[in-house]
Amino acid sequence: ARCDDGSCALAFDPIACPDGSDAPGDWSQQADGSYILVSCPSGYSRVNSFDGTSSGEFFQEVQQCRQCDVLGQYILDPNSDVCQDCPPGLTCDGTDNVAPVVDGSVWEVEGSTYILQSCPFGYRTYNL
């Protein structure tokens with residue numbers, strides 16, 4: 001639970017940063033006094049391993065909700081996915097809210113990513 005100033009929000013009761021802002025996420029205190037990050041809000045990726053994901057080897061000291069870039073990323077499931085770069089053809093706001101740039105284009109979710117399925121008449125798909 002890192003704050004913007006680098007301090008740990010878990011050192012304070014209630015869980016908060018020195019500037020008064022909340023540390024994002026739902027935290028659960030364990031019997032030994034340690035905390036486990038249970039979930040992150042929309043627009044954040046849950047990190048609890050040194051590889052920057054929630055799927056690597058668990059390390060308590062790196063737990064945090066990492067915010068996705070509001071101008072160029074999206075995330076479908078904050079508790080299992082990582083922030084994805086917004087593909088050409090979509091506008092993204094850092095959450096799971098996306099909008100097609102071209103009306104009539106069809107995008108579908110495959111795993112943790114958006115994939116362009118079809119384009120309207122007069123357009124074609126182009127793979128980079």
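Is Ser-34 buried or exposed? At 16% relative accessibility, Ser-34 counts as buried, where buried means under 20% relative accessible area, exposed means over 50%, and partly exposed lies in between (1.4 Å probe, protein chains only).

## Basis of the report

The model is predicted: local features need pLDDT of at least 70, side-chain atom pairs count only at pLDDT 80 or more, and totals for chains, interfaces and linings use all residues. Residues are numbered from 1 along each chain as its sequence is written, and side-chain values use heavy atoms, with hydrogens and water left out.

## Overall architecture

The protein chain contains ten strands and zero helices. Both element types are DSSP runs numbered from the N terminus, with at least four residues for helices (H or I) and at least two for strands (E). Read from the N terminus, the order of elements is β-β-β-β-β-β-β-β-β-β.

Of the 128 residues in the protein chain, 34% are buried. The chain exposes about 7,900 Å², and carbon and sulfur atoms supply 49% of this area; accessible areas come from the Shrake-Rupley method with a 1.4 Å probe, and for residues only the protein chains shown count as cover. Among contacts (heavy atoms within 4.5 Å) with a separation of 6 or more, 31% are between residues 24 or more positions apart.

Strand S1 (residues 26-29) pairs with strand S2 (residues 35-39) in the antiparallel sense, over four bridges. Two strands are taken to pair if DSSP finds at least two bridges between them. Within this pairing, Trp-27 has Leu-37 in S2 as its bridge partner. The two strands form a hairpin with five residues between them, and Gly-33 in the turn has a positive phi of about 95°.

Ser-34 lies in the loop between S1 and S2. Its side chain joins that of Asp-32 through a polar contact of 2.6 Å. A polar contact is a pair of N or O atoms within 3.5 Å; within protein, one atom must be able to donate a hydrogen and the other to accept it, and residues adjacent in sequence count only if both atoms are side-chain atoms. Leaving aside residues up to four places away in sequence, Ser-34 touches Ser-28, Gln-29 and Gln-60. Ser-34 and Gln-60 are 26 residues apart along the chain, while their C-alpha atoms are separated by 8.5 Å.

## Disulfides

The structure holds three disulfides, each defined as a pair of cysteine sulfur atoms within 2.5 Å. One of them joins Cys-40 to Cys-65, with an S to S distance of 2.1 Å. This pair links distant parts of the chain, 25 residues apart: Cys-40 is in the loop between S2 and strand S3 (44-47), and Cys-65 is in strand S4 (residues 64-67). The link of Cys-40 and Cys-65 is left-handed, with -90° about the S-S bond. Cys-40 counts as buried because its relative accessibility is 8%, and Cys-65 also counts as buried at 8%.

A disulfide is also formed by Cys-68 and Cys-83, whose sulfur atoms are 2.0 Å apart. This pair, too, links distant parts of the chain, 15 residues apart: Cys-68 is in the loop between S4 and strand S5 (73-74), and Cys-83 is in the loop between S5 and strand S6 (84-85). The link of Cys-68 and Cys-83 is left-handed, with -80° about the S-S bond. Cys-68 is buried, with a relative accessible area of 3%. In the disulfide of Cys-86 and Cys-92, the sulfur atoms are 2.0 Å apart; this link is right-handed, with 75° about the S-S bond. Both Cys-86 and Cys-92 are buried. Cys-119 is partly exposed, with a relative accessible area of 26%.

## The surroundings of Thr-95

Thr-95 lies in the loop between strand S7 (90-92) and strand S8 (98-100). Because its relative accessibility is 15%, Thr-95 counts as buried. The side chain of Thr-95 makes a polar contact of 2.6 Å with the side chain of Asp-93. A polar atom of the Thr-95 side chain also lies 3.0 Å from the backbone nitrogen of Asn-97.

Which residues does Thr-95 touch, not counting those up to four places away in sequence? They are Ser-42, Gly-43, Gln-73, Tyr-74 and Ile-75.
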